[in-house]
Amino acid sequence: MPTLRDVVYENVREGELYQKLDRNRVRCYACGHCCPIPENQPGVCKVRYNKGGTLYVPWGYVGGVQCDPIEKKPFFHAYPGALAYSFGMLGCDLHCSYCQNWVTSQALRDPSAVSPPLEASPEALVRDALAQGGKVLVSTYNEPLITSEWAVAVFKEARAAGLITGFVSNGNATPQVLEYLRPWVDLYKVDLKSFDDRHYHELGGRIGPILDSIRRLYQMGFWLEIVTLLIPGFNDSDDELRRLTEFLAGISPHIPWHVTAFHKDYKMTSPEDTRPEDLLRAAEIGKGAGLRYIYAGNIPGMVGDLEDTHCHNCGRTLIKRYSYLVEDYRLTPQGCCPFCGAAIPGKWAAKFDGQITSHPFLPRRASRLVTILSQQ
Ligand code: SF4
């Protein structure tokens, strides 16, 4: 019986984001680690590896697919109500102990993370997305940067079919990978997990490449939203939140910032769950820093009007939400406030078509994607 590692190592093709070095070593540029990889070794992510001086990268499968409301990603300023057909592969370049997608992200590090890959082609994924009513195709669940070549292949097919594309990422990118993605990725969500380099070291990364990437994503014109999962005792001090939100507001006060509630998960079981008052305090700090679009998530109905979108100019409510449900939508077809005419930053459809779902569900015809492990 082949192991998960065998399957992952067999379903590959040569990568595009790397450089050959001396002694058959390679340097990978898919994420901010920029691993120099000796022959017959994988990179930190465990899914890209050097064989004979060539870098091989994941290809031809997904770790899972799901139909999500776009509000779950979360994107609040991009096509509200759209169905985001979401796929992931396996592996991650970080190892956050509180990961909420650990079954796919830690599949090759943690033996208890078992997620049989499904064989897939870009054409099959796009066909399935369209069959479900998807408007957006999103690479998510594991870290999409480490499987960028596969995402681009899927997104080329998606674009040809008229779909919007997106990344849900930890933002640990490089200039090379962002240039590579720019023609094919419309929406980009970054999890800014902390504003402290020591905290990032605990998660297996460095803050420098992540902050550089956030600046670059904005300058390059990706539609960018930022999420910070607020973890009591880890990243929720007033000082850290002030520095984090001042950094974002310094790039643009119009970048949406989602501050979301932690619940105990994976190996992080000791801090208490985030309380509504913690989210409200973080939101006040963000407002003080100058951010104009702040949202509180994961505790629906308990955070006042922080699930709603308000015009940054006149303050009127433009989109009313409860959790992922869009309850009311007032933007004009041009994406403006109907009360004062201000242009609202974001990617807006000419008209709000309602929601196919406000709850995630598994595709009804996912059987067209085949489980690789069970086949062998
Ligand atoms: S994606 Fe990142 S962690 Fe993986 S091999 Fe490339 S540089 Fe290393």
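Helices here are DSSP runs of H or I with at least four residues, strands are runs of E with at least two, and both are numbered from the N terminus. Axes are lines fitted to C-alpha atoms, for helices over the stretch in contact, and angles run from 0 to 180 degrees between N-to-C directions. The model is a predicted one, with local features needing pLDDT of at least 70 and side-chain atom pairs counted only at pLDDT 80 or more, while totals for chains, interfaces and linings use all residues. Residues are numbered from 1 along each chain as its sequence is written, and side-chain values use heavy atoms, leaving out hydrogens and water.

On to the helix packing. Two packed helices are described by the angle between their axes and the distance between the axes. Helix α7 (residues 207-219) and helix α8 (residues 238-251) have axes that come within 10 Å and cross at roughly 25°. The pair α7 and α8 is therefore roughly parallel (angles under 35 degrees; over 145 is roughly antiparallel, 65 to 115 roughly perpendicular, and the rest oblique). The crossing of α7 and α8 is right-handed, the near helix being turned clockwise from the far one by less than a right angle. α8 also packs against helix α9 (residues 276-289), at about 45° with the axes 8 Å apart. That makes α8 and α9 oblique to each other, and their crossing is right-handed. Helix α3 (residues 122-131) meets helix α4 (residues 148-160) at about 50°, with 9 Å between the axes, so α3 and α4 are oblique; this crossing is right-handed too.

Next, the ligand. Its surroundings (residues with a heavy atom within 4 Å) include Cys 28, Cys 31, His 33, Cys 34, Cys 35, Cys 45, Arg 48 and Ile 146. By class, the shell has nine nonpolar, two polar and one charged residues, with Cys counted as nonpolar, Arg as charged and Gly as polar.

Most residues other than glycine have a negative phi, and most peptide bonds are trans. Lys 46, not a glycine, has a positive phi of about 75° and is found in the loop between β4 (36-37) and β5 (49-51). Lys 73 and Pro 74 are joined by a cis peptide bond with omega about -5°, and Pro 74 lies in the loop between β8 (64-69) and β9 (83-88).
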